[in-house]
Amino acid sequence: MRLKHNVMSRVLFLFFLSFGVWGTTAWGQDILRVREAVDIALENNYDIRLSKNTQRIAKENNTYGTAGLLPTVTGNLTQSNSIQNSNQVQNNGIERSLDNARNNNLTYGVNIGWTIFDGLGMFARLDRLQELEKQGELEMKRAVLTTVGDVITLYYTIVEQQNMLSALDSNIHISNERLRTAQNRFSIGKAAKLEVLNVQVNLNEDVSMRLRQAETVKNLKTSLNGLLARELDIDFAVDTLVSIDGALVYADLLDQADRFNPDLQLIILNKRLAELDLKNIKAARYPVIRLNTGYNFSQSESSLGFVAQSNSRGFNYGVTAAVNIFDGFNQRRNERIAKIEIENAGLRIEQQRLLVQTNLRTAYETYLTNLELVKLEKKNEDIARQNLNITLAKYTIGSISAVEFRDAQENFIAALSRFNTAQLQAKLSEIQLKELIGQIDI
């Protein structure tokens, strides 16, 4: 009886010890918390960096000069030389000729041109550049939201799989003690050799599952390192505590999605761009007025002619105006197409708004279901844990068979797996909802 009591005490000690450390990190590993993972992704992720550069380009293009509101200043220099054999017959009948006559012309100066009116098209282009800068900001925000969502999703997937790995480690401890107990029972004639062999097969099965689970965790960590754009072989531990926001309200989510969803905001902005395109196209109906001025120098030399050498310099100024009178009805066609594009943009807004509302509704229902599943699977996990404790005690004193204990052991691992999965799915539902409303908080 003392031997049985010692074995039982050792088994229970290992069991509660292993599950007492379940959820802790491996020794020697740095803990990578979800906030730190997000910060690293915001700094390193290639999609975010590319979107930032695209936004910087849009910002650089948003200038008065790009829109055409500023004058242009050009410097010009032209020099031409020639060597010719010339013959001239003047009005008075005198004939003149010269071989290898040299002629040189040099002109240089500065010219300024400024379009002062183009049917207000330049102002439409300036507004369009400002909207394109906003578009770049929205594109960057969408890239950040997508990346942050991916990082958090992958992080908590690792948490789920790491918890399962810890559970399997505990399961192997229990199976080792089962094997030791079965061997002791066999040595004193209380069990058959077949029981020992069955327990050994169960232990080997547990070790095999543990190896596959460790591979899964390692591959997920590699994927997260890749998403963070850092060395793929960096090992780390995760914070296995899963915190789920269970206070999300559908009405609040719907209002925020309508105001902040990046996809919807981009389509709304596209309609504004279509309206500015129409404004720019209509500008072609009006004349274009441009001021021109400059200061130029001119110098010429001629070996044969009335003027052997001349020099001049001074200002020139003027105004040019042009208006489109007829272009084969292209102006009217372009305006009609631009109006259709505005109509299409309005339809896309309504389409995207309905899509966002649909996705939000289905995601919210899934979120509520997953919250209930977390509560249910937590109860099931507690029941399965108690059942395993009782079964373990009975098996230690020999009142049940190894097969019955194995059933309780497998039931506990299955319940634990369902609980972990329920936690993960609830967290992913929360992330999806916050991504839809354009506001992921950590």
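Predicted model: local features only at pLDDT ≥ 70, side-chain atom pairs only at ≥ 80, totals over all residues.
Trainee: What is the packing angle between α5 and α8?

Mentor: Helix α5, residues 121-187, packs against helix α8, residues 262-282, at about 165°. Their axes are 9 Å apart.

Trainee: Where does α6 meet α10, and at what angle?

Mentor: Helix α6 (residues 193-227) and helix α10 (residues 402-436) pack at about 15°, with 10 Å between their axes. The two are therefore roughly parallel, and the crossing of α6 past α10 is right-handed. From α6, the contact involves E195, V199, N202, E205 and D206; from α10, A402, R406, Q409 and E410 take part.

Trainee: How do those residues divide by class?

Mentor: The contact of α6 with α10 has 5 charged, 2 polar and 2 nonpolar residues.

Trainee: Changing topic: which residues of α2 are buried?

Mentor: In α2, which spans residues 34-44, V34, A37, V38 and A41 are buried.

Trainee: Why do they line one face of the helix?

Mentor: Seen down the axis of α2, the buried residues fall within an arc of 100°, so they line one face. In general, an α-helix has 3.6 residues a turn, so residues three or four places apart point the same way.

Trainee: What covers that face?

Mentor: The elements covering the buried residues of α2 include β1 (31-32), α3 (46-61) and α5.

Trainee: One last item: where does L120 lie?

Mentor: L120 lies in the loop between β3 (95-117) and α5.

Trainee: Why is L120 called partly exposed?

Mentor: L120 has a relative accessible area of 45%, and partly exposed means between the 20% limit for buried and the 50% limit for exposed.

Trainee: How far apart are L120 and S298?

Mentor: L120 and S298 are 178 residues apart in sequence, and their C-alpha atoms are 37 Å apart in space.

How values were computed
Residues numbered from 1 in each chain as written. Heavy atoms only, no water. Axes fitted to C-alpha atoms, helices over the stretch in contact; angles between N-to-C directions. Helix = DSSP H or I, 4+ residues; strand = E, 2+ residues; numbered from the N terminus. Buried < 20%, exposed > 50% of the residue type's maximum accessible area, 1.4 Å probe, protein only. Parallel < 35°, antiparallel > 145°, perpendicular 65-115°, else oblique. Left-handed = near helix turned anticlockwise from the far one by under 90°. Contact = heavy atoms within 4.5 Å. Nonpolar A, V, L, I, M, F, W, Y, C, P; charged D, E, K, R; others polar. Arc of directions from axis to C-beta.
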